[in-house]
Amino acid sequence: MRNFEEIFAIAADRKGGASALEALLSDPLSPEALGQTTNDRWLETMAKCLFQAGFNWRVIDAKWRGMVEAFDGFDPSRVGAYHDEDIDRLLSDQRIVRNGAKVMAVIDNAHFVQELAAESGSAGQFFANWPAETYVDLLALMTKRGARLGAVTGQRVLRSMGKDGFILSTDVVARLVGEGVVDKTPTSKRDLAAVQQAFNSWSEQSGRGLTQISQVLAFSV
């Protein structure tokens, strides 16, 4: 496995130099700012990412204002209290993508967000307090306790909300394979632990967070 400086140089060469590469990198929210994000924003982002999975994103974007209205602004307390008549209402509402399994997942995730808020004061505080050094454990928790938040969907939720973390995109996985960290898309606990160890090592070498390391890996392919 190469050190981060070498991988950064590969990415910089592909993107027109170090300055050009730096301009492409994004900063996550600070833990303080992330802790202030509201529960409804977390549920809305979970809903949007899970609806986008397997669908044309433009279709979801075009319908999103109507979906926010149909789901009562994604207020977790209101969505979490939905009953059969609410589900029937949603499945007949032409403002939304009427996918029953995904509608139910939004309701389940309202309960998930409420549970996190009960444990930590808010969902934002829960995610803000999770250490980057065990990020894969957070992904595992989202897969287990959330609904349809496994794999890249959960990773996209966290990135969209500003949590420092990596996304195991095709390009990132290609670089991880090229560096000998894994030999295929990581799904097992062993492979994900190896990915976490590699990111922790690159973070120590560079002083960068998981988000920027992930982006540099992607740009290096």
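**Ground rules.** I worked from a predicted model in which local features need pLDDT of at least 70 and side-chain atom pairs count only at pLDDT 80 or more, while totals for chains, interfaces and linings use all residues. Residues are numbered from 1 along each chain as its sequence is written, and side-chain values use heavy atoms, with hydrogens and water left out.

**Count.** I looked for salt bridges (a side-chain nitrogen of Lys or Arg within 4 Å of a carboxyl oxygen of Asp or Glu). The search gave me 12 salt bridges.

**Asp 61 and Lys 48.** I found these two side chains paired at 3.4 Å, N to O. The pair links distant parts of the chain, 13 residues apart: Asp 61 sits in helix H5 (residues 57-70) and Lys 48 in helix H4 (residues 39-52). Helices here are DSSP runs of H or I, at least four residues, numbered from the N terminus. For exposure I used relative accessible area: buried is under 20%, exposed over 50%, partly exposed in between, with a 1.4 Å probe and protein chains only. Asp 61 is partly exposed at 41%, and Lys 48 is partly exposed at 26%.

**Arg 89 and Asp 86.** Next I checked this salt bridge, where the closest N and O atoms are 3.9 Å apart. Both residues lie in helix H7 (residues 84-91), three residues apart, so about one helical turn separates them. Arg 89 is partly exposed at 30%, whereas Asp 86 is buried at 18%.

**Lys 184 and Asp 183.** My last pair has its closest N and O atoms 3.7 Å apart. Lys 184 is partly exposed at 47%, and Asp 183 is exposed at 62%.

**Network.** I also noted that Arg 2, Arg 175 and Glu 179 are joined into one network by salt bridges that share partners.

Methods:
Helices (H or I, at least four residues) and strands (E, at least two) are DSSP runs, numbered from the N terminus.
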